[in-house]
Amino acid sequence: MRDFAVTVLALAALGVAAGTLWSYLAPRPPYVVTERGPVLADASTQALIAADGWFAVVTGALGLACGAAGYLLSRRGRPLAVVLGLAAGGLLAGYLTTVVGGALNLGAVSVAAAGRDVPAVAGPLKLTAQGVLVAWPMLAAGAFAVLEGVAAYRDSPLRRPFGGHDPYGPISSYDISGGDR
């Protein structure tokens with residue numbers, strides 16, 4: 001239980017840092033303030049897609065790093081607790097990234113659409129593609145699984161069939177070119 005809790009808490013702390021980084025990197029969509037409230041100034045803006053892309057890049061890279069670190073740190077411990085912690089902590093970290101990134105107003109401001117006498121303002125940073133929320137836990141658990149699979153194959157007796165002995169006998173001393181060795 002301790003390995004699970006430590007993993008979740010470590011990833012939650014990284015989620016706050018990831019939210020700050022996402023807020024710094026992602027552009028803001030342009031909004032126009034009308035009497036009915038803020039309205040998206042350009043319906044075809046790429047800022048919404050770019051914000052989702054930056055979220056996926058930041059959380060995906062941290063997911064891969066967390067999966068590798070979790071694998072290396074759990075070699076002597078309880079790997080199942082760490083994998084479950086990576087999955088649960090990755091979900092929490094992704095959620096915290098959206099909350100912190102949306103609350104902060106750092107970095108890239110993209111205000112490109114403004115008409116005559118209608119100023120555009122930078123809108124809030126929001127996640128529009130909710131599916132990228134699972135980038136962190138999927139890549140963390142996936143990286144852990146790949147590293148575990150590589151290590152298990154390396155230590156597997158399947159790499160050395162027949163106990164490491166050649167079932168067809170020892171290699172002959174006869175060279176293919178026709179001469180003896």
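Reply: A crossing is left-handed if the near helix is turned anticlockwise from the far one by less than a right angle, and right-handed if clockwise. Helices here are DSSP runs of H or I with at least four residues, strands are runs of E with at least two, and both are numbered from the N terminus. Here, helix 1 passes helix 2 in a right-handed crossing. This is a predicted model, in which local features need pLDDT of at least 70 and side-chain atom pairs count only at pLDDT 80 or more, while totals for chains, interfaces and linings use all residues. Residues are numbered from 1 along each chain as its sequence is written, and side-chain values use heavy atoms, with hydrogens and water left out.

Me: In what order do the elements of the protein run from the N terminus on?

Reply: The order is α-β-β-α-α-β-α, which amounts to four helices and three strands.

Me: At what angle do the axes of helix 1 and helix 2 cross?

Reply: Axes are lines fitted to C-alpha atoms, for helices over the stretch in contact, and angles run from 0 to 180 degrees between N-to-C directions. The axes of helix 1 and helix 2 cross at roughly 145 degrees and come within 10 Å. On the side of helix 1, the residues that meet helix 2 include Leu 11, Ala 18 and Trp 22; their counterparts in helix 2 include Ala 51, Phe 55 and Cys 66. Contact means heavy atoms within 4.5 Å.

Me: Why are helix 1 and helix 3 called roughly parallel?

Reply: Angles under 35 degrees count as roughly parallel, over 145 as roughly antiparallel, 65 to 115 as roughly perpendicular and the rest as oblique. Helix 1 and helix 3 pack at about 30 degrees, with axes 7 Å apart, and are therefore roughly parallel to each other. Their crossing is right-handed.

Me: Which residues of helix 1 are buried?

Reply: Buried means under 20% relative accessible area, exposed over 50%, and partly exposed in between (1.4 Å probe, protein chains only). In helix 1 the buried residues include Thr 7, Leu 11, Gly 15, Ala 18 and Trp 22. An α-helix has 3.6 residues a turn, so residues three or four places apart point the same way. The buried residues of helix 1 pack against helix 2, helix 3 and helix 4. Across the 181 residues of the protein, 32% count as buried.

Me: Is Ile 49 buried or exposed?

Reply: Ile 49, which is found in helix 2, is exposed because its relative accessible area is 56%.

Me: Which residues does Thr 128 touch, leaving aside those up to four places away in sequence?

Reply: Thr 128 touches Leu 48 and Asp 52. Thr 128 lies in the loop between strand 3 and helix 4 and, at 46% relative accessibility, counts as partly exposed. Its C-alpha is 6.7 Å from that of Asp 52, although the two are 76 residues apart along the chain. Among contacts in the protein between residues at least 6 apart in sequence, 81% join residues at least 24 apart.
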